[in-house]
Amino acid sequence: MDAKQLKWVYLIVLSLIWGSSFILIKKGLIGLSPIQLGSLRIVFASFFLLLIGFKSLAKIPHHQWKFIALTSLFGTFIPAYLFAIAQTQIDSSVSSILNSLTPLNTLVLGAMAFGLQFRRNQIFGVLIGLLGSMLLIFNGAMHHPEQNYYYAFLVLIASVCYAINVNLIKKYLSDLTPLSISTGNFLILLFPALIVLFFSGFFDVVQIDEVKQSVFFILILGVVGTGIANIIFFKLVQMSSPVFATSVTYLIPVVAFSWGLLDNEILTPIQFLGAFIILGGVYLSAKK
């Protein structure tokens with residue numbers, strides 16, 4: 001299979017994995033606090049990656065560790081907590097739709113800080129995507145007064161973090177293997193995550209059955225949705241462009257919304273319109 005076909009395979013596999021991550025977060029929050037969930041997600045992914053990729057750390061030159069640290073912060077550490085906190089107040093399907101703004105943010109940040117060039121249709125795409133996200137948030141706040149839609153802005157911040165991450169990888173880490181980048185990321189994150197987990201009160205409640213069940217969901221999220229998915233994603237970034245790689249967020253909402261329907265989540269017609277507007281904006285921004 002040539003690279004052109006393989007990048008589409010990676011894109012579809014990632015959409016299935018990450019599209020399922022939002023429902024796993026929702027199930028994990030039943031027995032865990034957002035801080036416990038984010039920490040456990042990082043810890044599980046760290047142990048898995050260090051187990052399979054420890055030897056690959058030797059391939060990272062000393063001068064690139066600062067970029068490994070930055071990508072670990074923006075690509076995993078901050079978003080892991082922001083998504084968990086956001087989903088205490090908004091549905092998993094809404095969270096996944098807002099996450100689809102990542103390619104727009106990748107384009108904007110790439111142009112501002114990494115030397116990417118704008119085209120007119122991409123500017124329109126950014127504006128349309130922002131319009132759709134505001135429509136989704138404000139209509140959701142009107143029809144779901146029991147939910148605090150200010151928390152939706154945490155997802156937007158997380159998508160900006162992802163955009164910074166993918167631009168850093170493309171510009172500064174393209175010569176490293178995806179396994180080296182992923183393992184280096186989580187080597188740096190393991191000890192901070194363990195410290196946060198220790199002070200979160202997790203070890204006082206770990207014997208509760210509800211907590212054990214939630215931990216199982218986060219184990220899957222950490223190993224598959226974070227560890228394995230990061231390796232695939234970094235490979236995709238290296239073999240394509242930052243905007244193409246983040247266009248996986250076209251497909252993530254479809255998978256996440258399917259899981260949401262099975263879990264009795266539903267969007268209003270206006271929110272559906274907002275979702276299509278967002279995806280239309282993302283399409284314009286990525287269109288050559």
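This report describes the overall fold of a predicted model and then two of its residues, S46 and L24.

## Overall architecture

Of its 288 residues, 53% count as buried.

Among the contacts between residues at least 6 apart in sequence, 89% join residues that are at least 24 apart. The chain exposes about 12900 Å², and carbon and sulfur atoms supply 72% of that area.

## S46 in helix α2

S46 is located in helix α2, which covers residues 34-53. Its relative accessibility is 0%, and S46 therefore counts as buried, the cut-off for that class being under 20%.

A polar atom of the S46 side chain lies 3.2 Å from the backbone oxygen of F186.

## L24 in helix α1

L24 belongs to helix α1, which spans residues 3-28. With a relative accessible area of 14%, L24 is buried because this value falls under the 20% cut-off.

Once its neighbours within four places in sequence are set aside, L24 is in contact with F217, I218, I220 and L221. As for S92, which stands 68 residues from L24 along the chain, the C-alpha atoms of the two residues are separated by 9.1 Å.

Definitions and conventions:
Residues are numbered from 1 along each chain as its sequence is written. This is a predicted model: local features need pLDDT of at least 70, side-chain atom pairs count only at pLDDT 80 or more; totals for chains, interfaces and linings use all residues. Side-chain values use heavy atoms; hydrogens and water are left out. Helices (H or I, at least four residues) and strands (E, at least two) are DSSP runs, numbered from the N terminus. Buried means under 20% relative accessible area, exposed over 50%, partly exposed in between (1.4 Å probe, protein chains only). A polar contact is a pair of N or O atoms within 3.5 Å; within protein, one must be able to donate a hydrogen and the other to accept it, and residues adjacent in sequence count only if both atoms are side-chain atoms. Contact means heavy atoms within 4.5 Å. Accessible areas come from the Shrake-Rupley method with a 1.4 Å probe; for residues, only the protein chains shown count as cover.
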